[in-house]
Amino acid sequence: MVLEIRNVSKNFGGIHALKDVSFKIQEGEIYGLIGPNGAGKTTMFNLITNIFEPTSGQILFHDTNITGLKSHKITEQGICRTYQNIRLFSQMSALKNVMVGGHCRSSSGVFSSVFRTKKQKSEERGLTQKAEELLDLVGLLEHKDTLAENLAYGQQRRLEIARALASNPKLLLLDEPAAGMNENETDSLYDLIKLIQSKGVTVLIIEHDMPLVMKLCDRITVLNFGEKLAEGTPYEIQNNESVIEAYLGREEDVEIA
Ligand SMILES: Nc1ncnc2c1ncn2[C@@H]1O[C@H](COP(=O)(O)OP(=O)(O)OP(=O)(O)O)[C@@H](O)[C@H]1O
């Protein structure tokens, strides 16, 4: 098991953002986390990466309890994420943005960063090469010197993914990666996530684009008002009465079938 969410709850004052939620993600899966606005999806990501600690429950990564572990330790263990709102360094090139993502895994200490030792220089070369490979993977190598702010929206979202991959995650958390994308961009995002899966990375994705979710995911958990409403394959989810009601009940313009 890559990730196990065990009876996790999170309260913010009087708000029960998550109530006793459990699910397990197997190695190599693309796992979807869906639900209406405010259902608790991003809160779940924030608990997995320990931006907040759960009020109760446990989070296990490869059978080890990581609940409450510092965020950078969680990254070191192999969990990386992207954010709902793009968080790039807008004035840095695409290449530098990816290299920043790789720095948390570099081993040089304080002295080498002051004096730029041989070790650091060779590490820097390694990081550049790795960043170029990742830009190639996400289809942005030709834009490596472009400032992040000058990239098209879909390209910025792909750059975020490359940056998250720079720390060699075993589990990649994607928070609404298709938000704001046009159909072509969404199609190539699908190909990219499949490619990432084929490289052995397990993916947990929050997404509102239902056709994409249903095509992409191996299994899905549906959250509603902080509770787990259903879990299953895309086919099972699309045919689940409570899921259909939860979406239609809020009169959202979401087609799940
Ligand atoms: N830091 C916080 N402080 C107080 N309340 C919060 C905080 N973060 C989330 N919440 C509340 O928790 C609930 C779940 O929010 P969350 O952002 O996890 O939902 P979501 O499913 O990701 O929604 P969306 O699809 O709109 O992004 C909401 O009621 C939200 O207002």
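Student: A residue is near a molecule or strand if its C-beta atom, placed from the backbone, lies within 6 Å of it. Which residues surround the ligand here?

Tutor: Phe12, Ile15, Ala17, Gly35, Asn37, Gly38, Ala39, Gly40, Lys41, Thr42 and Thr43 surround the ligand. Bear in mind that this is a predicted model, where local features need pLDDT of at least 70 and side-chain atom pairs count only at pLDDT 80 or more, while totals for chains, interfaces and linings use all residues. Residues are numbered from 1 along each chain as its sequence is written.

Student: How does that shell divide into nonpolar, polar and charged?

Tutor: Four of its residues are nonpolar, six are polar and one is charged. Ala, Val, Leu, Ile, Met, Phe, Trp, Tyr, Cys and Pro count as nonpolar, Asp, Glu, Lys and Arg as charged, and the others, Gly among them, as polar.

Student: And which element gives the largest share of the shell?

Tutor: Helix α1 does, with three residues. Both β2 (15-25) and α1 (41-48) supply at least two residues each. Helices (H or I, at least four residues) and strands (E, at least two) are DSSP runs, numbered from the N terminus.

Student: OK, β2. What sheet is it in?

Tutor: An open sheet of four strands in the order β2-β1-β4-β5, paired antiparallel. Its edge strands are β2 and β5 (64-65), each of which pairs on one side only. Two strands pair if DSSP finds at least two bridges between them. For β4 (residues 56-61) and β5, there are two bridges and the strands run antiparallel. Phe61 has Thr64 in β5 as its bridge partner.

Student: Switching to β3: is it covered on one face or both?

Tutor: Both. On one side are Ile30, Gly32 and Ile34, on the other Tyr31 and Leu33, and all are buried. A residue is buried if 20 or more other C-beta atoms lie within 10 Å of its own, exposed if 12 or fewer, and partly exposed in between, with C-beta atoms placed from the backbone.

Student: What does β3 pair with in the parallel sense?

Tutor: With β8 (residues 202-206), over four bridges, and with β9, also through four bridges. Ile30 sits opposite Val203 in β8. Tyr31 faces Arg219 in β9, and Ile34 faces Val222 in that strand.

Student: What about helices? How does the span of α7 compare with what you'd expect?

Tutor: α7 (residues 183-198) has 16 residues, so at 1.5 Å a residue it should span 22 Å, and its end C-alpha atoms are 23 Å apart, which agrees. The expected span is 1.5 Å times one less than the number of residues.

Student: Which side of α7 is buried?

Tutor: The one with Leu189, Ile193 and Ile196, which are buried. They lie on the same side of α7 because their arc around the axis is only 60°, taken over the directions from the helix axis to the C-beta atoms. What covers the buried residues includes β3, β7 (171-175), β8 and α8 (210-216).

Student: And what's on the face turned away?

Tutor: Exposed residues: Glu183, Asn184, Asp191 and Ser198. Just after the helix, Gly200 takes a positive phi of about 95°.

Student: Last one: which residues of α6 are buried?

Tutor: Among them are Leu159, Ile161, Ala162 and Leu165, along with Arg157, Arg158 and Glu160. The 13 residues of α6 (residues 153-165) should span 18 Å, and the end C-alpha atoms are 19 Å apart, which agrees.

How values were computed
Contact = placed C-beta atoms within 7 Å.
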